Amino acid sequence: MRLLLFRLVLFLAPAFLAVATAVDPALGEDQGFGIYREHPDAIQWHSVLLHWAWVLFVPVFLGLLAPIRRKGAVLARIAWCAAVFGLVTFSAMMAYDLAILAMEQTLTDADVKRADEAFQSMQWAAFGWQGPGLAGWALALLLTPVAAAYAKVISWWTAAAALLGSVLYLQFAISPLPVNLAGPVVMLVAYCYAGWEMGRRTDPSRADEPATFGVFKDRVGRFGLVAAPVVFGAGLLTVPGLSPDIEESVRQPDLAQVSALFLHWAWVLFVPGMLLLMRRGRRFTSVAAAVTAFALMHFSGLMIGDFSDLAVRQTVPAELAAKVTEAFGGYALFAFGWAVPAMLVSLLGLIAVPIGAAADGLVRWWVPVLTGLGVVAFLAVGVGPLSVLSPLLLLAGYGLLAKALPPRPLQAATPAPTAEPQPAA
């Protein structure tokens, strides 16, 4: 069943990428402001599908790297971090297309240009979001097939085809149809064939290798379970004036950027922790952790709206900025295809996963009580002097959960002795 689901994701990720590329109205040399205003529906589909495509590529890459133990572990570590931290961050940037659409439907081209320039000049967004996102995106696309081929998970021919598709996409993504589809189509064929190979390529020597890559993933997962609530607390405590008043953010723009960036990275840091619990828990915990990790990948991207909203409010009057915010929040495809389910599933998952861990006997029942109270405190208190209560409760609960998980053995388990072989009939 897991292999079947993995093969489905291997198909869906490049398929979504192909459709998103095909419906993009901003193709060719004309990339000026005004195109989004003329094609609002196409831009919404393009942005949401492109976001989904990159998020779906995360489990694609993690699945290709999963069988690696020691051989190829160095490349696998880099590719894994690039996918979990970089590609997830990059996928969030698709929301900025929707922010531009909201601006173009509300403001003049001159105002849109000034707001975009203000956004592009935000150093915290550039070095804390765009830089890591672009680097992780490129490294994940290029290193994952190489690491999988080097570890004999897939063939070198398949890896070469996947790399070719990535290069074609990087080169022709905004070229006119049908040239821009060359990359996604080649990637679709390559990754689907990789799924077929993974069901048939076996290397008996791999099972005897030390699980150095698995130990690395577990350590990062434990770190994420502890670091995520800490960074979450930093994000809440750096909200300007500890107030939800947007005017405070306009008066202290640097602090507002820091807060948004911390909140983004807090949700991202929970992802490796959920992946760890997915590998360690029983069926309910495993499924709940997998779904929560996937939802958190979407949820973390919503913080990009804080940067775009701040850029607009720094450049146009408050009444116009409010109209942009209203337009942005009124896109049903964005709301129900990204924002609302991501938020609901993430917060519910942060409660459900510790409950599953307690049912599995990994922790005592008061651990999920702590994490549940942490989520409730976040919803009830929000921003304010008492906002630190939520991250403290989450830190206590998830810190205890990280401590309770037994370490992964480096060596493969030795098979139990078997009875004497019976003579052949």
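Start in helix H14 (residues 304–315) and select Arg313 and Asp309, which sit 4 residues apart, a separation of about one helical turn. The model on screen is a predicted one. Show both side chains: Arg313 and Asp309 meet in a salt bridge, with 3.1 Å from N to O. Colour by accessibility and both Arg313 and Asp309 come out as buried.

**Further salt bridges**

Within it, zoom in on Asp218 and Arg279, whose closest N and O atoms are 3.0 Å apart in a salt bridge. Asp218 belongs to helix H10 (residues 212–237) and Arg279 to helix H12, so this pair ties together parts that are 61 residues apart in sequence. Arg279, with a relative accessible area of 28%, is partly exposed.

Now move to Asp109 and Arg37. These two form a salt bridge whose closest N and O atoms are 2.7 Å apart. The bridge links distant parts of the chain, with Asp109 in helix H6 (residues 109–120) and Arg37 in helix H2 (residues 35–38), 72 residues apart. Asp109 is partly exposed at 33% relative accessibility, and Arg37 is partly exposed at 32%. The count for the model comes to 6 salt bridges.

**Aromatic rings**

Next, turn to the rings. How many aromatic pairs are there? The count comes to 21. Select Trp267 and Phe299 as one example: the ring centres are 4.8 Å apart and the planes make an angle of 35°, so the pair is tilted. A stacked pair would need planes under 30 degrees apart, and an edge-to-face pair planes over 60. Trp267 is in helix H12 and Phe299 in helix H13, so their contact ties together parts that are 32 residues apart in sequence. Trp267 and Phe299 are both buried.

Then select Trp54, Phe57, Phe61, Phe90, Trp137, Tyr169 and Tyr191 together; these residues form one aromatic cluster. For a ring with a charge over it, show Tyr150 and Lys71. Lys71 lies over the face of Tyr150, at 5.5 Å from the ring centre.

**The largest pocket**

Finish at the largest pocket, where the space comes to about 1,200 Å³. To centre the view, select Arg2, Phe6, Pro59, Met278 and Ala290, the closest to the pocket centre of the 30 residues that line it. Colour the helices next. Helix H1 (2–22), helix H3 (40–65), helix H12 (253–280) and helix H13 (283–299) each supply at least two residues of the lining. Which helix gives the most to the lining? That is H13, with 8 residues. Last, colour the lining of the largest pocket by residue type: 22 residues are nonpolar, 3 are polar and 5 are charged.

Conventions. Residues numbered from 1 in each chain as written. Predicted model: local features only at pLDDT ≥ 70, side-chain atom pairs only at ≥ 80, totals over all residues. Heavy atoms only, no water. 1 Å grid on protein atoms, 1.4 Å probe; cavity = no way out; pocket = protein on both sides within 12 Å on 5 of 7 lines; lining within 4 Å. Points joined across faces, edges and corners; volume = space filled by probe spheres on them. Nonpolar A, V, L, I, M, F, W, Y, C, P; charged D, E, K, R; others polar. Phe/Tyr/Trp six-rings, centres within 6.5 Å; stacked < 30°, edge-to-face > 60°. Buried < 20%, exposed > 50% of the residue type's maximum accessible area, 1.4 Å probe, protein only. Lys NZ or Arg CZ within 6 Å of the ring centre and 35° of its normal. Salt bridge = Lys/Arg side-chain N within 4 Å of Asp/Glu carboxyl O.
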